[in-house]
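Here is a friendly walk through one protein model. Have the sequence and the 3D view at hand as you read.

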Amino acid sequence: MLDHLSVASIPPLLGASRTQLANWVKQYQQPAYRAQQVHQWIYQKGVRSLSEITVFPKQWRTEIADIPIGRSQINHRSIARDGTVKYLLKLADGQVIETVGIPTQKRLTVCVSSQVGCPMACDFCATGKGQFLRNLACHEIVDQVLTVQEDFQQRVANVVFMGMGEPLLNQAQVLAAIRSLNQDVGIGQRSLTLSTVGIPGQIRQLAEQKLQITLAVSLHASNQLLRTQLVPSAQHYPLEKLLQDCQFYVAVTGRRITFEYIVLSGVNDQPEHAVELAHHLRGFQSHVNLIPYNPISEVDYERPTQKRLQEFLNCLKEQHITASIRRSRGLDRDAACGQLRATQIK
Ligand code: SAH
C-alpha cells in the first residue's frame, strides 16, 4: 500500500481525531475497533512508533511501522529550583523549540510553543530577539504536552500557549491542536489558555469558534504610544481597536479576558498608568495579570521590586479593577515567561 508513497509525505497521526483515525484504519481493511486502539496507544499510552502497538497483528504492524506518529526528541532538559522543567525538543526537521513543565502542589501546567521563533519582536522578549523560522504543525504542539506528561509521569491539568511564537499567526494549526488536546488528550477547554499580543482580525475570528478556552491578551501598556514602544506590531493595531475586538470576544463567548501586563520598573508602573488602564477596562469583563519583567540579556529594563508591584496592584484595585500578580516560575533556568530562546542543537 505504501509502495509508491514516500514516508515523508504521510502526515503524522498525532492530532488526528477519532473519525480521522477511523478513516485511516479503513484504508487498510482493518476492523473498525483498531481506530479506538490506535487512538488509545498514541494519546494515552504515548507510543512513539506504530510498531509498538502490540495489540495489532504483526504483519500489519510491519507494514505501517514507518508511518510517523509525530513525536519529538528531548534534546535537553534543565530543572529550576522550584521544580519547573525547561525542555529543548528536537523536531523532525532538526529545528528546536522550547516547552516548559510547571508543577504546582497538585497540578501540572505545560507552557507550549506555537512557532519556531517569533516575528513579533516585542522589546522585552527573548524569543522576539531571535529569528523567526516557521509555524508549528498541530502534531508538534500536541507532542509537547504528551512529552511533559510522560516525563513528569503525571497528567497535565493546564496548557498555556505562552511559549515561543504568536499563536494567532498560526491559528489553523493552533485550533487543530486545541481540538486534539481537548478531545483526544482529554484536557478541558477551560484549562487551555491562548495568549496573544493581538493580530488584526484574528481575535474576532477566534471568537467565532465559540470555544470555552481562556483568551489572554498581552496588553502591557495603558496607552497606544507606550504600547508601540514595547510591542512594535501595535503600530498596525490601535489600542482602541484591540479593545473593541476583545469586547466582541467577551460578547460572543461569554468568557472574560485576561489582560497580561508586564511590569517594567519606571516604564509602565506609575500611578497614572494604573488610572489610564482602569479607564480603558472599566466595565470590561476581564482580569489583569501583572507579570513582573523577567530579565533578558539583550535589553536593560528593570524588574520591579515586590513593593512597587504591590503598589501598582493597589492602584488598580482602588480603581475597581480585578488584578493579581503572577508568580514567576523557573526564573533561575531561563524558563520563565519571555525567556525562552532555543539554541539550535543539531
Ligand atoms: N506571543 C504571545 C505568547 C507568547 S509570550 C503573546 O505575546 O502573548 C507569553 C507572555 O510572556 C506574554 O504576555 C509576553 O508578553 C510575556 N513576556 C515576554 N517576555 C517577557 C519577559 N521578559 N518577562 C516577563 N514576561 C514576558
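This is a predicted model: local features need pLDDT of at least 70, side-chain atom pairs count only at pLDDT 80 or more; totals for chains, interfaces and linings use all residues.

**Aromatic pairs**

The structure holds seven aromatic pairs. A pair of aromatic rings is described by the distance of the centres and the angle of the planes. Two of the pairs are set out here.

| Pair | Centre to centre | Angle between planes | Geometry |
|---|---|---|---|
| Tyrosine 261 and phenylalanine 312 | 5.4 Å | 25° | stacked |
| Tyrosine 293 and tyrosine 301 | 5.9 Å | 80° | edge-to-face |

Why is the pair of tyrosine 261 and phenylalanine 312 called stacked? Their planes stand at 25°, and planes under 30 degrees apart count as stacked.

In the edge-to-face pair of tyrosine 293 and tyrosine 301, tyrosine 293 is buried, with a relative accessible area of 0%. Elsewhere, ring pairs join Trp24, Tyr28, Phe56 and Trp60 into a cluster.

**Charges over rings**

Rings also have charged neighbours here. Lysine 45 lies over the face of tryptophan 41, 4.7 Å from the ring centre. Arginine 204 lies over the face of phenylalanine 248, and its distance from the ring centre is 4.2 Å.

**The cavity**

How many cavities of 30 Å³ or more does the structure hold? There is one, and the largest cavity has a volume of about 440 Å³. Its lining is made up of 29 residues, of which Phe124, Cys125, Met162, Ser218 and Gly338 are the closest to its centre. By class, 16 of the lining residues are nonpolar, eleven are polar and two are charged. Helix H4 (126-129) and strands S8 (192-196), S10 and S11 (286-292) each supply at least two residues of this lining.

**Helix H10**

Which residues of helix H10 (residues 271-281) are buried? They are His273, Ala274, Leu277, Ala278 and Leu281. Viewed down the axis of H10, these buried residues fall within an arc of 135°, so they line one face of the helix. An α-helix has 3.6 residues a turn, so residues three or four places apart point the same way. On the face of H10 turned away from the buried side sit the exposed residues Glu272 and His279.

Conventions: Residues are numbered from 1 along each chain as its sequence is written. Side-chain values use heavy atoms; hydrogens and water are left out. Rings of Phe, Tyr and Trp (its six-membered ring) pair if their centres lie within 6.5 Å; planes under 30 degrees apart count as stacked, over 60 as edge-to-face and the rest as tilted. Buried means under 20% relative accessible area, exposed over 50%, partly exposed in between (1.4 Å probe, protein chains only). A charge sits over a ring if NZ of Lys or CZ of Arg is within 6 Å of the ring centre and within 35 degrees of the ring normal. On a 1 Å grid over the protein atoms alone, a cavity is a set of points where a 1.4 Å probe fits but cannot get out, and a pocket is an open set with protein on both sides within 12 Å along at least five of seven lines; lining residues have an atom within 4 Å of a point. Grid points are joined across faces, edges and corners, and a volume is the space filled by probe spheres set on the points. Helices (H or I, at least four residues) and strands (E, at least two) are DSSP runs, numbered from the N terminus. Ala, Val, Leu, Ile, Met, Phe, Trp, Tyr, Cys and Pro count as nonpolar, Asp, Glu, Lys and Arg as charged, and the others, Gly among them, as polar. The arc is that of the directions from the helix axis to the C-beta atoms.
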